[in-house]
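Hi there,

Here is the structure I promised to pass on. Have a look, and then read on for the notes on its aromatic rings.

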Amino acid sequence: MTAIVVSVVGVLGTIMGAALAAFVAARTEQRTAAALERQYIRQEESLNRVQLTELRVEHQRWRRERRQAAYVAFLEALGAVDRDNQSLFRELQARRSSVPLDEARNAAIRVKFKDAESAGIVVILEGPETIATAAQGLVDQMSSLVLDVRAYAEAAAADGTPDDGSAVHEAGMKLIAQRTVFLDMARDALDEVANQVQSLPAAD
């Protein structure tokens, strides 16, 4: 009888040990699976952050390049108008007799002004707001300067004795001052975008 009891106890002990081992193994497996899942989630979140940061950096660089190209194209277009306009004005000033109005030349200057105006619209669209306002101011001032030279040319064609050109000089100086302001503002705007790129959080 004792032998039977001992045998039964032994069997029960074996069964309980196996059950306990299985329970422990299952718990361990659950913890491992949970840990792996947490690790996977962290890795996925980290990857998402990296991808998001890269997208933001790329977008900011793209914006800076677009703005820079727009600013440069605008200033070059303005310069083309200004050179032709000032060249005409200097030629008129050098002559002391009546000069026929050169409609073809004036028309060519107006075409270049329209090109500059179109380039200015691109700058206004690209922004930021401060640059948009400054660009519109430059376009308006360039328009004023072109009209002043046109008026000077018409006076020269009428009687050959236009005024001393003070209105043209004044408009020209205002244009130079506004262009200098625009350059400073454009530089700040481009630097601001570059700083935004640098301030983005580093990828994990």
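A residue is called buried when its relative accessible area is under 20%, exposed when over 50%, and partly exposed in between, using a 1.4 Å probe and protein chains only. Please keep in mind that this is a predicted model, where local features need pLDDT of at least 70 and side-chain atom pairs count only at pLDDT 80 or more, while totals for chains, interfaces and linings use all residues. Residues are numbered from 1 along each chain as its sequence is written, and side-chain values use heavy atoms, with hydrogens and water left out.

Now to the ring pairs. Rings of Phe, Tyr and Trp (its six-membered ring) pair if their centres lie within 6.5 Å; planes under 30 degrees apart count as stacked, over 60 as edge-to-face and the rest as tilted. That rule gives three aromatic pairs.

Phe 74 and Phe 182 are edge-to-face, because their planes stand at 70° with the ring centres 5.5 Å apart. This pair joins distant parts of the chain, with Phe 74 in helix 1 (residues 2–94) and Phe 182 in helix 4 (residues 166–199), 108 residues apart. Helices here are DSSP runs of H or I, at least four residues long, numbered from the N terminus. Phe 74 is buried at 0% relative accessibility, and Phe 182 is buried with a relative accessible area of 0%.

Phe 89 and Tyr 152 also form an edge-to-face pair, with centres 5.0 Å apart and planes at 70°. Phe 89 is buried at 2%, and Tyr 152 is buried at 7%.

Finally, ring pairs connect Tyr 71, Phe 74 and Phe 182 into a cluster.

Best wishes

Key:
Helices (H or I, at least four residues) and strands (E, at least two) are DSSP runs, numbered from the N terminus.
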